[in-house]
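Please open the structure in your viewer and keep the selection tool at hand.

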Amino acid sequence: MHFSLNTDLKNEGLIYVAGLAGSGMIVLAAYLAVKGFRLIGSDRLFDMGKADGKRSFLENLGVKIVGEKFSVFEKSVFLLIRSAAVEDSTPLIEGALEKGVPVISRSEILAQIVNNGYSICVAGTSGKTTTATIIGHVLKTSGRKPAVFTGSEGEPYFQKDIEELFVVESDESDGKLHLYRPDIGIVLNITRDHFKLEKLTSMFKDFCFNSKKCFVNYSCHGLIDCGLVYTSDHSVMDSFEDKTGITWTKFMLEGEVYDVPLFGRHNVENCVAAIKACVEFGIELSIVKKALLGLPVIKRRLEFKGKRGKTKIYDDFAHNPAKINASIRALKERHKNIFIAFRPHGFGPLKLFGLEIARIFADLLGQKDCLHLFEVFYTGGTIKETQFNSKWLEELVKSFNNDLTVTSGELNWKSVNLSQYDAFITMGARDPFLGKITDEIIEK
């Protein structure tokens, strides 16, 4: 059902947000709350007593948190915005439709918001959060006040006087990428993720044509054959660790030298895309360089949490084959022996990508590394084919690499001899517990 926020609906009643704790949903909810809309919402993590930090953040903005039940609907609820993780078969969605409450996706409402201002939209199957965060930071450094919509796990912050200038991580996972009409579009990469490659190709091509100006990475230009092709070729001149333990990369692009507190080829490629967009927007190179020196921590994107002894501790969002491949390669450039604690983010995704993920772990990890697999992240809902679980993935990895130590189930990190590893990393999407493991290791 089509629904528009173009009219002033702030006094019409409540907007219900389903899946509030999702990294993209909490940003949208925060923006709407700051803009004066009255919100009510739920999340299964809140029902389970988890993600208390996110709950407090939302409540401080005036968002009312309720349980995910049909009975929460009131006559004053005039719209439901849903996360893609909330199934059609849930009583929440079925109840809203029965009551005639319009149900729309996050992408539908977000596209309506940003299409009414000046927008820079970042698309691609990997790197969107990092690239959009960098662009937003550069714009803020230049004195602008953009609204930045990303999937970062950090708490969003919107000033009351934000401009109608939007930096957006345009997600393709719900099939609504064609709704965005950016002034500047970016296509970072195209790899199989939520859809088959043929469908993804069509979606990104539509996104490119719908952009007033679109930069397309050379690596995927052959697939969509449109836009302004840019190359991510660059010369990495140096990689070094500062006194706090953060790894920096110095690279050259079109004769200019840049320093960034990030590492890994994929992160340098994200920086290149961000630089292209910022220069196109009109930001001077001197300001871009200065901004890159002061990049904020990008939560759960190869986030360096600290050290325990000589072992460096990281937390990462990687969950699909392309992201896992990029993160492990980046880590292996810096560390010989690593311990990865990985949680698959769903039974369905594991069924689709388990074989590819297993091969990546088996190919990139060696005899002195260790891989631990937590059970699949599950918060309830209508799930089938639960045989695609961590034990299944463990046996698959072992069948490809007998020399690699692979375990599954619960993990007591205190029983791990961290001193024999150069790095320990938690890896996976959705689960807020992963970051807490690394925090506990650092604190104790």
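A search of the whole structure, which is a predicted model, finds 22 salt bridges. Side chains of opposite charge can pair when their charged atoms come close.

Begin by selecting Arg-265 and Glu-269, whose side chains meet in a salt bridge of 3.1 Å, N to O. The two residues are 4 residues apart in helix H9 (residues 265-281), a separation of about one helical turn. An α-helix has 3.6 residues a turn, so residues three or four places apart point the same way. Arg-265 is partly exposed, with a relative accessible area of 47%, and Glu-269 is also partly exposed, at 22%.

Next, select helix H13 (residues 390-400), where Lys-398 and Glu-394 lie 4 residues apart, about one turn of the helix. These residues form a salt bridge in which the closest N and O atoms are 2.8 Å apart. Is Glu-394 buried or exposed? Glu-394 is buried, since its relative accessible area is 3%, and buried means under 20%. Lys-398, at 27%, counts as partly exposed.

Now display Asp-439 and Lys-305, whose side chains meet in a salt bridge of 2.8 Å, N to O. Asp-439 belongs to helix H14 (residues 433-443) and Lys-305 to strand E15, so the pair ties together parts that are 134 residues apart in sequence.

Remain with strand E15 and show its sheet. Six strands form an open sheet with mixed pairing, in the order E15-E16-E20-E17-E18-E19. Strands E15 (303-308) and E19 (405-408) stand at the edges with a single partner strand each, so one side of each has no neighbour in the sheet. From one strand to the next, the twist averages 15°. E15 and strand E16 (residues 311-316) run antiparallel and are joined by 5 bridges; Lys-307 has Lys-312 in E16 as its bridge partner.

Move to strand E10 (residues 213-217), which is largely enclosed by the rest of the structure, because 4 of its 5 residues are buried. E10 runs parallel to strand E9 (residues 184-187), with 4 bridges between them. E10 also runs parallel to strand E11 (residues 228-230), to which 3 bridges join it. The chain passes from E10 through helix H8 (residues 218-224) to E11 in a right-handed β-α-β crossover.

Finally, select helix H5 (residues 106-114). With 8 of its 9 residues buried, H5 is largely enclosed by the rest of the structure. What covers these buried residues includes helix H1 (23-34) and strand E4 (77-82).

Note on methods. Residues numbered from 1 in each chain as written. Predicted model: local features only at pLDDT ≥ 70, side-chain atom pairs only at ≥ 80, totals over all residues. Heavy atoms only, no water. Buried < 20%, exposed > 50% of the residue type's maximum accessible area, 1.4 Å probe, protein only. Pairing = 2+ DSSP bridges. Right-handed = clockwise from strand over helix to strand, strands pointing away. Contact = heavy atoms within 4.5 Å. Axes fitted to C-alpha atoms, helices over the stretch in contact; angles between N-to-C directions. Salt bridge = Lys/Arg side-chain N within 4 Å of Asp/Glu carboxyl O.
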